[in-house]
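Subject: Structure handover

Hello,

I am passing a structure on to you, with notes on what was found in it. Please open it first and keep it beside the text.

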Amino acid sequence: MLHSKIGGIGYYVPEKVVSNNDLIKVMDTTDEWIQERTGIKERRYGVKHEETTTTMGVRAAEIAIQRAGIQKEDVDFIIFATLSPDYYFPGCGVLLQREMGITKTEIGALDIRNQCSGFIYGLSIADQFVKTGMYKNVLLVGAEMHSMGLDFSTRGRNVTVIFGDGAGAVVIQPTEEENKGILTTHLHSDGTYAEKLSFINPGAHGGYHAKTAGETTDFGYSDAEYGEMFVNEHMIEEGMIFPNMEGQFVFKLAVQKFPEVMMEALNKVGLKPSDIDMFIPHQANLRISQFVQQKMQLRDDQVWNNIQRYGNTTAASIPIALCEAWEAGAVKDGDLVCLAAFGSGFTWGSALIRW
Ligand code: UT7
């Protein structure tokens, strides 16, 4: 029976380093606050007007493709996960195809909007396509250019200080080797708290969800002119065109769901937390990762954290961290790798990979 494996992996982070002290120049925050609450010291920002979510994805994809030992023309399906797409539509999947000069049309391009768990959702989809024999080289990219869509005033400080730009990519290929590659994936969602971590304007909601959720948010819709359904002056003035988050609410659920979904994966294949050689958490907050590590009784050398240097790169965070760990020799042939993520939606998931 066919299984799927990660045949090649790559990542790209922009050169520009933005420290916590750089952010102090534009908003009321401190290096101490950011480090104490999140563990983040610095993050990377892409070059405005030159780099985009797509172009960063291309940089990572080129490395993954080369390491997979294939040519770009061999890619038969593209999956692109991001919450900061270049365009509202079309998605980054086709933009990446064009940017890479993949001109063949016998290829599909799918965009995933599952935020922090986007990479794990993409991995699960790629796994299904490859192990059924439908595709041989699925290019899965997670990339974010958050810096173009954040509120750099004090109003947005709880969200803005967390996020950074970057991209990671993998090529998923078939293997006939037993007990090798992606062993299992697990996906979950619960839309009850969709707005707790969200970026809702511009959107076509017209205030609908706020009303049905019994909230009082005033979106400034006057007499519902159709043209102003997406964004209006009131939203711009009130800073409603940026991501928002109820941090503590998200934090509490995250530390509960990470261990749950990791145990679900381990139980499925009859393994224990102590069997994990490397745990790659979605890099949401160092405190979340440390809490999960403790709960799962993992040693420091069983967990890869790089949020200190890159911040939270959402859909890109897992492939960037996985690639770094592999390049550093911390993920080796035969190792059991556990991936897990939780975020906006809420959506969460896990994957176990025998490297
Ligand atoms: O990857 C997606 C999933 N996201 C997550 O998993 C994020 C989970 N949540 C978190 O990481 C944390 O909740 C945050 C880091 C976002 C916030 O930390 P917190 O300890 O939950 O802080 P808070 O939001 O409860 O705010 C505490 C105080 C507030 O001031 P008052 O009301 O106590 O006077 C905030 O206004 O900290 C203030 N604050 C800041 N102060 C300095 C919020 N952001 C900042 C800031 N600098 N950047």
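The notes below cover the ligand, the pocket and then a few points in the backbone.

Please keep in mind that this is a predicted model.

The ligand

There are 20 residues around the ligand, and Thr29, Arg37, Gln248, Asn285 and Asn312 come nearest. By class, this shell is made up of 10 nonpolar, eight polar and two charged residues.

Asparagine 285 has a polar side-chain atom 2.6 Å from an oxygen atom of the ligand. For glutamine 248, a polar side-chain atom lies 2.7 Å from an oxygen atom of the ligand. At glycine 247 the backbone is involved: one of its polar backbone atoms is 3.0 Å from a nitrogen atom of the ligand. On its own the ligand exposes 950 Å², of which the protein buries 74%.

Which elements give two or more residues to the shell around the ligand? They are helix H2 (31-38), helix H6 (157-160) and helix H9 (247-268). H9 provides the largest share, with four residues.

The ligand takes up the space of the second largest pocket. This pocket holds about 480 Å³ of space. Its lining consists of 23 residues, and those closest to its centre are Ile162, Met245, Gly247, Phe251 and Asn285. Two or more lining residues come from each of H2, H9, helix H10 (286-295) and strand S12 (336-343). H9 again gives the largest share, here six residues. Sorted by class, the lining has 13 nonpolar, eight polar and two charged residues.

The backbone

As background, most peptide bonds are trans, and most residues other than glycine have a negative phi. The following places depart from that pattern.

- The peptide bond from asparagine 201 to proline 202 is cis, with omega near 0 degrees. Proline 202 is in the loop between strand S9 (197-198) and helix H7 (208-212).
- Glycine 345 and phenylalanine 346 are joined by a cis peptide bond with an omega of about -10 degrees. Phenylalanine 346 belongs to the loop between S12 and strand S13 (347-354).
- Asparagine 179 is not a glycine, yet has a positive phi of about 50 degrees. The loop that holds asparagine 179 runs between strand S7 (166-175) and strand S8 (181-189).

Regards

Technical notes:
Residues numbered from 1 in each chain as written. Predicted model: local features only at pLDDT ≥ 70, side-chain atom pairs only at ≥ 80, totals over all residues. Heavy atoms only, no water. Near = heavy atom within 4 Å. Polar contact = N/O pair within 3.5 Å; in protein donor to acceptor, adjacent residues only side chain to side chain. Areas by Shrake-Rupley, 256 points an atom, 1.4 Å probe, with all protein chains shown as cover. 1 Å grid on protein atoms, 1.4 Å probe; cavity = no way out; pocket = protein on both sides within 12 Å on 5 of 7 lines; lining within 4 Å. Sits in = over half its atoms within 2 Å of the grid points. Nonpolar A, V, L, I, M, F, W, Y, C, P; charged D, E, K, R; others polar. Points joined across faces, edges and corners; volume = space filled by probe spheres on them.
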